[in-house]
Amino acid sequence: MMKNKSKFYIFLLAITLSVTLAGCDEWFSMEYKIVGAWQVAHTYRNGEAVDSAEYFGYSPSTFYYMYADHVMSVRAYYNGEYRESTFGTYILDQKSKTVEIKYSLYGRKYHFIANIDRLTKKEFFIEFDDQYGDHWRLEMFTRSN
């Protein structure tokens with residue numbers, strides 16, 4: 001009878017732990033998945049594909065480097081050379097599935113709150129509206145291993 005009680009308590013503990021950890025899984029996985037190097041592969045402005053943008057931070061081939069401490073840097077190709085951001089941060093909001101991104105690149109400040117359409121270890125798709133009313137969609141793919 002004592003063995004059955006021990007098995008029962010172990011079973012209850014296992015169920016409790018799995019329920020507790022399952023609730024935290026999405027938060028940990030979003031934080032874990034966003035960290036790394038991302039390259040913009042496709043850019044859409046107001047629904048139309050763009051191969052270059054006057055906003056260098058949104059152009060295809062731009063790199064977003066996301067670090068675990070919510071610091072980021074952006075690297076873009078312009079006039080035959082790479083430019084890197086001088087400042088950058090991001091803040092994830094797991095409940096609303098958004099990311100707030102702030103950085104400055106080549107004399108321009110970028111600040112937007114984007115809806116996260118897809119976030120896996122290989123894909124990071126976001127959509128947002130800029131201060132001029134344009135709707136942007138950036139499709140990024142990992143460059144991290």
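**Figure 1. Aromatic pairs in the predicted model.** The structure, which is a predicted model, holds 14 aromatic pairs, where rings of Phe, Tyr and Trp (its six-membered ring) are taken to pair if their centres lie within 6.5 Å, and where planes under 30 degrees apart count as stacked, over 60 as edge-to-face and the rest as tilted. One of them joins F56 and Y78 in a tilted arrangement, with 4.2 Å from centre to centre and 55° between the planes. Because F56 lies in the loop between strand 2 (48-50) and strand 3 (63-66) while Y78 belongs to strand 4 (residues 72-78), this pair ties together parts that are 22 residues apart in sequence. Helices (H or I, at least four residues) and strands (E, at least two) are DSSP runs, numbered from the N terminus. Residues are numbered from 1 along each chain as its sequence is written, and side-chain values use heavy atoms, with hydrogens and water left out. As this is a predicted model, local features need pLDDT of at least 70 and side-chain atom pairs count only at pLDDT 80 or more, whereas totals for chains, interfaces and linings use all residues.

Figure 2. With a relative accessible area of 19%, F56 is buried, whereas its ring partner Y78, at 22% relative accessibility, counts as partly exposed; here buried means under 20% relative accessible area, exposed over 50% and partly exposed in between (1.4 Å probe, protein chains only). Leaving aside neighbours within four places in sequence, F56 is in contact (heavy atoms within 4.5 Å) with T62, A76, Y78, L105, Y106 and Y110. The C-alpha atoms of F56 and A76 are separated by 6.2 Å, although these residues are 20 apart along the chain.

**Figure 3. A stacked tyrosine pair and a ring cluster.** The ring centres of Y103 and Y110 are 4.6 Å apart and their planes stand at 15°, so this pair is stacked. Both Y103 and Y110 are buried. Ring pairs link Y103 and Y110 with Y58, Y64, F112, F128 and W136 into a cluster.

**Figure 4. Charged ends over tyrosine rings.** The charged end of R75 sits over the ring of Y82, at 4.3 Å from the ring centre, and the charged end of K121 sits over the ring of Y32, at 4.5 Å from the ring centre. A charge is taken to sit over a ring if NZ of Lys or CZ of Arg is within 6 Å of the ring centre and within 35 degrees of the ring normal.

**Figure 5. Strand 1 and its pairing partners.** Strand 1 (residues 36-45) pairs in the antiparallel sense with strand 3 over four bridges, and with strand 10 (residues 135-142), likewise antiparallel, over seven bridges; two strands pair if DSSP finds at least two bridges between them. Three bridges join strand 1 to strand 2, and these two strands also run antiparallel.

**Figure 6. Positive phi values in two loops.** In the loop between strand 3 and strand 4, where H70 is found, the phi of H70 is near 65°, a positive value in a residue other than glycine. At 29% relative accessibility, H70 counts as partly exposed. N79, placed in the loop between strand 4 and strand 5 (81-84), has a positive phi of about 50° although it is not a glycine, and at 63% relative accessibility N79 counts as exposed.

**Figure 7. The whole protein and the confidence of its model.** The protein contains one helix and ten strands, and buried residues make up 36% of its 145 residues. Among contacts between residues at least 6 apart in sequence, 42% join residues at least 24 apart. The average pLDDT (the predictor's confidence in each residue, from 0 to 100) is 85, and 79% of the residues score at least 70. Over residues 21-27 the pLDDT is below 50, and this stretch has three contacts in the model beyond near neighbours in sequence. Where pLDDT is low, the predicted coordinates should not be read in detail.
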